[in-house]
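Work through the exercises below with the model open. Try each task before reading its solution.

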Amino acid sequence: MISHLPVLQVIVPLMAAPLCLLLKRPQLVWLFSLFASAIAFIISILLLQHVMTSGVISYELGGWKAPWGIEYRIDKLNAFLLLIITAISTVVLIAAQTSLEKEIPKEKHTLFYILYLLSLTGMLGIVSTGDAFNVFVFLEISSLSAYALIALGNDRRALWASYQYLIMGTIGATFILIGIGLMYQMTGTLNMEDLSQRLPQVAQTRTVFTAFVFVIVGVCLKLALFPLHLWLPNAYAYAPSIVTVFFAATATKVAIYLLIRFTFTVFGLSFSFATLPLQGLFLTLGLAGIFVASSAAIYQKNVKHVFAYSSIAQVGYIMVGISTSTVTGLTATLLHMFNHALMKSAIFLALGAVVYRMGTIQLSSFHGLGRQMPLTMAAITIGGLSLIGMPLTVGFVSKWYLLIALIEQGWWPVAVLILLGSLLAVVYVWRIVEVAYFKEPLAGSVPVKEAPVMFLIPIWTLIIANIYFGIDTRLSVQVAQLAAQSLFGMSP
Amino acid sequence: MILSLEVMLQLTITIPLLAILGIITARKSPNIREAITITASIILLYIVVKLYQSLLSGKTVDVFWWEIMPNLSISFSIEPLGMIFALIASFLWLITTLYAIGYMRSHQEENQTRFYSCFALAISAVMGIAFADNLFTLFVFYEVLTLSTYPLVTHAGTEKAKQGGRVYLGILLSTSIAFFLLAIASTWFITGTLDFKQGGIFSTNVDKTIAGALLVLFIFGIGKAAIMPFHRWLPAAMVAPTPVSALLHAVAVVKAGVFTILKICVYIFGIDLLVVLPTTQFLLYLAGASVLLASLVAMRQDNLKARLAYSTISQLGYITMGALLATSAGVIGSSMHIATHAFGKITLFFCAGAILVAAHKSKISEMRGLGHHMPVTMMAFFIASLSIIGVPPTGGTWSKWFLLIGTMEAEQWALMVVLMLSSLLNIAYLLPIPFHAFFSKALPKDKDITAINEAPWPSLLAISITTLGCLILFIYPQPLFDLATAIIASRN
C-alpha cells in the first residue's frame, strides 16, 4: 500500500470524480468530495514523511521501467507542493456547500464537485509526475476543468473571464507542448530525470534554446507573471467564491512548481541561469509585477479584484526569490508559496463569506461590516497583516528570508524595493479595513449577520495556521530549505 | 506569594493580556471593568518593582520563549535601561487609568471597552519592548504597539480621526517596514546575531560605511522617536482622547521609540563604535535640528495638545541626541530624560485633558484667567512646565544637566548651544500659559468662565501624583541615576 502512495495521490480524486455522478444528492456529493480530498491530504502527509526520512520515491506506472514508462517521482519539492494543494483543497471544501447554495443553481452542484475533483487531480498529477508529456496531460485536465469552473460563476462576466482564460491558457499549454516536443526531438526521451542527463550534451543547439523559451513562456503565462497576467484578475473575480479560493491558493503555485522543475531540474541550473539571461529577466519582471500589480490593487472597487492583483504582486516576490538563484532565495520562494497559499485562501474564503451575506463584493458593500460580521472582518484584517508581512504571521517569515537572500547577494536596491512594495500592500489592505470599521452602513442597506459556522470554521482554521506557521516555522522552513538544497544538488 | 523571577518577568507581559479578557467579560458593567484595569495595573506595578529589587541585588533573569527562525528568538531579560522604561510605563499606566476613568466618563466617550482593551494590549507590548533580550523580540512588540494603538488614535471614529489614524499608521508602519526591518535584517546578516550585548555586537573591523548607513536606517526606521522628517504622526495622533495622548504619546509609544534608539546605540553598535561612524555627526545635527525646529513650530500652535505634541518631538530629539553623543554623560542624561520628560509631559497632557473636560477649552488663547477657577490644574501645569524646561525644583533639571555635560564631553559646542536655545524656547511656549491663566483677565467672549470648576477628583488625583513625581525626581534622583549609570557601568 505504502509503495503505491504516489499514484494513489492522483488516482483517488480522479476516481472520486465520476463516482460523484452516482450519488444524486448534492449534500452527499459534497461529503464524498470532502472525504476524497481528505484522503488525498492524508496521503500527502504520508508521502512527505516518507520523503523526509528515506529520500526520493520513484514509482513506475504499470511496472514499466523508468525512462520508457511513466515515472512518478516524489522528492521534497513536490511532496511539499502536494501537501499545500491537498490541505487547502480540503479546508476550502468544508465551506463549499454553504457557499454554493447562494452562488450556483442546485442542479449544477454535482457538476461543480466533479469539476473541482478533476481540477484537483490535474494539479496533483502535474506535481507528482516525473514525465514531461504527462505534465501536459494533467495540465489540460486541470485547465479544462478550471475553465468550466470559472464559467459557473453567477455573474455573466464570468463567461467572458473564462473565455479569456481559455484563450490565454490554451496558448500557454500549447507553448509548453511545443517545448516538450522539441526536447523530445533532441533527446528522444520524456522522462525528466533522463532529460536532465541528456540535455546538457545538446545544450548549445538552437532547438534546445527554442524549447526552453517555449516552455518558460508557456509556464509564465500559467503562473500570471507580469505582463502575462491579464487573464487572472477577472478569472478570480467572477468565478464562484470557492473556486477563487482554491485557485488563488494553488493554481499559480502549481505553475511556479513547473517553472522551478523545468529550470532547475530539467534544463539545469547552469543552463537556465548562466547560459541564458533568466536571472535579469525574472528580477525585472518580478519587480515590475510587484509595483504594477500592487498599484493596480489600490484602485480596484471590487474587493476580489484587489486581492487578485495582490496575487500577481505576490508572484512577483516569488520570482525575485527564484532570480537570486541561491539556496536562500529559493528557500524564500518555496516558503512564500506555502505562506501565500495560507494567507490568500484565508482572505478569499472570508470574501466568500461576505458574498454569502451581502451578495456582492464591491468595496461599498463593506461599509460598517466590522460591526456586522466581526469575525469575518477580523479574519480579513489578520490575513491582510500577514500579506503586509507583520511579525508573528507567515508573511513575515517569507519576507525575512527573501530579504536575507537579497542582502546575501548584495542586491541592496532590490531589498529596498521589495520593502517599498510591501508598503503598497499596507495601502490596499487598509483601504478595506477603514471602510469596514469606520464607515456607517449605507443608508437603506439591510443589516446582515455574522457568516455561517461552516464558513467560520475553515476561515479561522486558516487564520490560525497563518499565525501558527508564523511562530513555529520548523516544518515550513525545514522542508523548504531541504527542497531548495536538493534542487541545488547539495543533499540527497 | 513566591514566584520565581522568570515567571514574574513573563507575567509583566501576560497580566495586561489577562486584563483584556476580564475587561471584555465585564463589558456590561463599567465599574467592574475599570476595577479590573486598576487591579491589573497595581499587580503589574508590584511585579515590576519586585523585579527592580532583584535587579538591584544583582540577579539576572533570562526567559526564552521560542525560536522562530534560526538565531531569531523571542526571549526576554532584565537590564537597567529596560527597567527604567518598565517602571515608568507600569506606574503611569496605573495613574493614567485613574485619570481615564474620570475623563472618559465625564466626556461620555463611547466604546470604552475597546478603549481599555487596546490600552492594556499596548501596555503588554511596552513590557515586551522594555524586557526584550534581542532586537527581533523588540521589533515584534514594536509592531504590536503600533497596531494596538491605532484603534485608540481613531477612537472618535470621525473623518478627522480616520485621517489622523492614516497618518499615524502610515508613517509608523512605513518607516518600520522600509528602514527598520531592512536594518535589522542587514545587522543579522553581518553579525549573525541580534542579541543586545554590552559593548555592541559589531566586530571592531566592520566596514564603517556600511555600519554608518545602518545607523541612519535605524534612526529613520524607528519612526516612534519622531525625528524630523518622520514626526508628522505625532501631531496627527493628537485626535485621540487625552488619556491616550497622555500615556501613549508622552510615555509609551514615543518613549518606546527613543528607548529603542538608546538600546541600539548602546547594545547593538556600542558607544565606542558609534563615535567613529561617519554618519553619527550628520545624525546628531539632524536631532539638533529636530529639537530646534519642533520648538519653533510649537510656539505657533494655539491648540494646547498640538503645542504639547511639538514640544514632545523636540524633547525626543534631546534623547536621541544624547544617545548619539556616545559619551557616558550623554547616555545617562538620555535615560534619565526618558523618565523626567515622561512625568513632566504626562502632567501637561493631564492638565490639557482636565481643561477640556471641565472648561471645554482646547485653545490656548481662551485659557486666560482660568487659573482662578482651576488652581490645582494650572499650578500642576506650571510645575510640569518647569520640569520640561529643566529648572529646579523639578526632575528635568538633572537630565538636562547630564545632556549638557554630554555635549561638552563630546565637544559638540554647536549642540550645546542648541540645547540652551531650546530651553529658552521651552520657556517661551510653555510658561505664558500658566502665567496668563493666573495673571490675565479672561477675554470678553469667554465670560462664562466663572461657572468653571476643577475636573473630577480621579483626574485631579492623577495630576497631583504626577506633579509630585516631577518634584520627587529632583529631590531624590539617586535610584534613577544609579539605574542610568548601570547601563554603561560594566564598560568602565
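A nonpolar core is a set of buried Ala, Val, Leu, Ile, Met, Phe, Trp, Tyr and Cys residues joined through C-beta atoms within 7 Å. Buried means 20 or more other C-beta atoms within 10 Å of the residue's own, with C-beta atoms placed from the backbone. The model is predicted: local features need pLDDT of at least 70, side-chain atom pairs count only at pLDDT 80 or more, and totals for chains, interfaces and linings use all residues. Residues are numbered from 1 along each chain as its sequence is written, and chains are lettered from A and ligands numbered from 1 in the order in which they are written.

**Exercise 1. The core**

Find the residues of the largest nonpolar core that touch the most other members.

Solution. Step one: the core holds 404 residues. Step two: Phe80(A), Ile150(A), Ile88(B), Ala89(B), Val126(B), Ile129(B) and Cys265(B) touch the most other members. Step three: helix H9 of chain B, residues 242–269, gives the most, with 20 residues. Helices here are DSSP runs (H or I, at least four residues), numbered from the N terminus. Step four: take Ile150(A). Beyond four places in sequence, Ile150(A) is in contact (C-beta atoms within 7 Å) with residues including Ala158(A), Tyr165(A) and Val243(A).

**Exercise 2. A helix pair**

Describe how H12(A) and H13(A) pack.

Solution. Two packed helices are described by the angle between their axes and the distance between the axes. Step one: H12(A) spans 278–298 and H13(A) spans 303–323. Step two: the angle is about 160 degrees, and the axes are 7 Å apart. Axes are lines fitted to C-alpha atoms over the stretch in contact, and angles run from 0 to 180 degrees between N-to-C directions. Step three: H12(A) and H13(A) are therefore roughly antiparallel (angles over 145 degrees). Step four: the residues of this contact divide into 17 nonpolar, 7 polar and no charged. Ala, Val, Leu, Ile, Met, Phe, Trp, Tyr, Cys and Pro count as nonpolar, Asp, Glu, Lys and Arg as charged, and the others, Gly among them, as polar.

**Exercise 3. The chain interface**

How many residues of chain A are in contact with chain B?

Solution. Step one: 22 residues of chain A meet 18 residues of chain B. Step two: H18(A) provides the largest share of chain A's side, 10 residues. Step three: that side divides into 18 nonpolar, 2 polar and 2 charged.

**Exercise 4. A loop residue**

Is Gln412(B) buried or exposed?

Solution. Step one: Gln412(B) lies in the loop between H15 (396–409) and H16 (413–430) of chain B. Step two: Gln412(B) is buried, because 22 other C-beta atoms lie within 10 Å. Step three: Gln412(B) touches Leu284(B), Leu325(B) and Thr407(B), leaving aside residues up to four places away in sequence.

Definitions and conventions. Helices (H or I, at least four residues) and strands (E, at least two) are DSSP runs, numbered from the N terminus. A residue is buried if 20 or more other C-beta atoms lie within 10 Å of its own, exposed if 12 or fewer, and partly exposed in between; C-beta atoms are placed from the backbone. Two residues are in contact if their C-beta atoms, placed from the backbone, lie within 7 Å. Angles under 35 degrees count as roughly parallel, over 145 as roughly antiparallel, 65 to 115 as roughly perpendicular and the rest as oblique.
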